[in-house]
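Thanks for coming. Let me put the model on the screen and walk you through its inside.

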Amino acid sequence: VTAALSVGGKERALASRNIIATLPGSDPELRDQAVILGTHLDHLGRVGAQVYLGADDNASGVAALLEIARVFGTMEHRPRRTLIFAFWTGEEEGKFGSGHWVRHPMWPLASTVTYINIDMIGDRDLGIQREWASNQELMDLIWKVAADLGYDRYFLARGSGVMDDHAAFLEQGVPAVDLIDFDY
């Protein structure tokens, strides 16, 4: 069987930006270390006739990170380490925002203690992706906080082909964890 195939496409350049906010750490010995909390701004929207709703993926992550930043910003005592709040662009299209950060970091990766990704937490139980929970000390801390808040301990295992923004950090050796809807 012989077949001929012709494929066409149109490429266009778009400008897009990450949104980054920094809360300097209070400890003179630890403020040069950072914890990055991130989420993605984009969603697919409409692709042909299919509509992909973005309230959970990922307006829920954006809302959560805005509230986390607000609370930390109003605390009487700042965290000891610097906190970086990152709102990534292009996650749905190939992790462009987080990928750009690790290639051109505004904060040295060697001084990044961990990256915490917040994705799709709007309407289900929260889980942590097993494949990418890369640091036992970080996981122990998360489980302690979860237990203090009354959550049960569990992992979400998702197919290895699915990676969120934390993947770029893991590839560079930065400990990372992905907080995501359990039922996804």
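Start at leucine 37, which sits opposite phenylalanine 85 in strand β5. This is a predicted model, where local features need pLDDT of at least 70, side-chain atom pairs count only at pLDDT 80 or more, and totals for chains, interfaces and linings use all residues. Residues are numbered from 1 along each chain as its sequence is written, and side-chain values use heavy atoms, with hydrogens and water left out.

A word on names. Helices (H or I, at least four residues) and strands (E, at least two) are DSSP runs, numbered from the N terminus. Two strands pair if DSSP finds at least two bridges between them.

Now strand β2. With strand β5, residues 82-88, β2 pairs in the parallel sense over 7 bridges. With strand β6, residues 112-119, β2 also pairs in the parallel sense, over 5 bridges.

What does leucine 37 touch? Contact means heavy atoms within 4.5 Å. Leaving aside neighbours within four places in sequence, leucine 37 is in contact with Leu65, Ile68, Leu83, Ile84, Phe85, Ala86, Tyr115 and Ile116.

That brings us to the cores. A nonpolar core is a set of buried Ala, Val, Leu, Ile, Met, Phe, Trp, Tyr and Cys residues joined through side-chain atoms within 4.5 Å. The largest one has 17 residues, and Leu37, Leu65, Leu83, Phe85 and Val177 have the most contacts inside it. Two or more residues each come from β2, α1, β5, β6, α3 (136-148) and β8 (176-181). Helix α3 gives the largest share, 4 residues. Another core lies apart from this one, with 14 residues, including Ala34 and Val174.

Valine 177 belongs to strand β8. Its relative accessibility is 0%, so valine 177 counts as buried.

Next, the rings. Rings of Phe, Tyr and Trp (its six-membered ring) pair if their centres lie within 6.5 Å; planes under 30 degrees apart count as stacked, over 60 as edge-to-face and the rest as tilted. How many aromatic pairs does the structure hold? There are 4. Tryptophan 88 and tyrosine 115 make a tilted one, 6.3 Å centre to centre, with 45 degrees between the planes. Tryptophan 88 lies in β5 and tyrosine 115 in β6, so this pair ties together parts that are 27 residues apart in sequence.

Tyrosine 115 has another partner, phenylalanine 169. Their ring centres are 4.2 Å apart and their planes are at 5 degrees, so this pair is stacked. Phenylalanine 169 is in helix α4, residues 166-171, and the two residues are 54 residues apart. Both tyrosine 115 and phenylalanine 169 are buried. Trp88, Trp101, Tyr115 and Phe169 form one aromatic cluster.

Last stop, helix α1, residues 55-74. Its buried residues include Asp56, Asn58 and Leu65. That is the tour. Questions, please.

Methods
Buried < 20%, exposed > 50% of the residue type's maximum accessible area, 1.4 Å probe, protein only. Expected span 1.5 Å × (residues − 1).
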